[in-house]
Amino acid sequence: MPIVPAHGDPPPATAVELAVHALVSGQVVALPTDTVYGLAADPFSTGGADRLFALKRRPREVDLPVLVADEEQALALATAVPSSARCLMEAFWPGALTVVLPRRPDLSADLGADEATVGVRCPAHPVPLAVCRAHGPIATTSANLHGQPTLTTAAEVAAVFGDSLAVVLDGGPSSGAPSTVVDCTGEEPRLLREGCLPWTDILAAAAAAG
């Protein structure tokens, strides 16, 4: 399991290509984001999500969120997206906001047990953005065993997961603070988890847009 340097904006093309090749093959990779290091898999590849759930020891009832390169990729996964969700994406993306949207009924992605919604985020970090531009949306979860503290360096991730990963992209240390998760399936945004983006900022943006 190699640790591959992925510093820079844009990150090295060879690092991105290694990650994309592994994802397409149904393997799990680790990569930095603007919040924490994440484990990623291709939710459209047979067995990719299964490997990610097993490696994380995450119950299937806790669905996997999706990282995207932009709003267009996010909207392709969803249907009947409320205007409030679009306003929040425009205000805070790229950034530490995960938006839960109504999932497109014919979406074949394996993200867990919930087939009614999909959580999407466009991170403010060049590595996952480059991977998503090259590959498309990727299923992710924080790079730690379920219920354990998050990991903030590539070396920590490699020490915990070792050869279970195809590759670890090293983009330097992450902040360690998770994203804020907001349910936008209804008319009004609803807080599911407050992370490094304050809920008061989200309410202010929603009010200004409304």
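**Entry 1: Ala-139**

I began with the accessibility of Ala-139. The value is 1%, so Ala-139 counts as buried, because buried means under 20% relative accessible area. I noted that this is a predicted model. I then looked up where the residue sits, and Ala-139 belongs to strand S7.

What does Ala-139 touch, leaving out residues up to four places away in sequence? I found Leu-39, Ala-40, Ala-41, Pro-43, Leu-52, Leu-64, Pro-65, Val-66 and Leu-111. I also checked one distance to Leu-67. That residue is 72 residues away from Ala-139 along the chain, yet their C-alpha atoms are separated by 6.4 Å.

**Entry 2: strand S5**

Next I turned to S5. I wanted to know how many of its six residues are buried. The count is six of the six, so S5 is largely enclosed by the rest of the structure.

I looked up its partners. S5 and S9 run parallel and are joined by four bridges. Here Val-100 stands opposite Asp-183 in S9. With S6, S5 pairs in the antiparallel sense, again over four bridges. On that side I found Leu-101 opposite Val-118 in S6.

**Entry 3: helix H4**

I moved on to helix H4, which covers residues 83-92. I listed its buried residues: Ser-84, Ala-85, Leu-88, Met-89 and Phe-92. The face turned away from the buried side carries the exposed residues Ser-83 and Glu-90.

I then asked what covers the buried residues of H4. The cover includes helix H3 (71-75), strand S5 (97-102), strand S9 (180-183) and helix H7 (199-209).

**Entry 4: the largest pocket**

I looked up the largest pocket. About 760 Å³ of space lies in it. Its lining has 34 residues, and Arg-58, Pro-65, Thr-98, Val-181 and Arg-193 lie nearest its centre.

Which strand supplies the largest share of the lining? It is S6, with four residues. At least two residues each come from S4 (66-67), S5, S6 (117-121), S7 (138-142) and S10 (190-193). By class I noted 13 nonpolar, 15 polar and six charged residues in the lining.

Last, I checked the backbone. Most residues other than glycine have a negative phi, and most peptide bonds are trans. I wrote down the exceptions I came across.

- A cis peptide bond joins Asp-9 and Pro-10, with omega about 10°. Pro-10 is in the loop between strand S1 (3-5) and helix H1 (13-24).
- A cis peptide bond also joins Trp-93 and Pro-94, with omega about -10°. Pro-94 is in the loop between H4 and S5.
- Arg-57 has a positive phi, near 60°. Arg-57 lies in the loop between helix H2 (48-56) and S4, and at 59% relative accessibility it counts as exposed.
- Ala-80 is not a glycine, but its phi is positive, about 50°. Ala-80 sits in the loop between H3 and H4, and at 63% it counts as exposed.

Notes
Residues are numbered from 1 along each chain as its sequence is written. This is a predicted model: local features need pLDDT of at least 70, side-chain atom pairs count only at pLDDT 80 or more; totals for chains, interfaces and linings use all residues. Side-chain values use heavy atoms; hydrogens and water are left out. Buried means under 20% relative accessible area, exposed over 50%, partly exposed in between (1.4 Å probe, protein chains only). Contact means heavy atoms within 4.5 Å. On a 1 Å grid over the protein atoms alone, a cavity is a set of points where a 1.4 Å probe fits but cannot get out, and a pocket is an open set with protein on both sides within 12 Å along at least five of seven lines; lining residues have an atom within 4 Å of a point. Grid points are joined across faces, edges and corners, and a volume is the space filled by probe spheres set on the points. Ala, Val, Leu, Ile, Met, Phe, Trp, Tyr, Cys and Pro count as nonpolar, Asp, Glu, Lys and Arg as charged, and the others, Gly among them, as polar. Two strands pair if DSSP finds at least two bridges between them.
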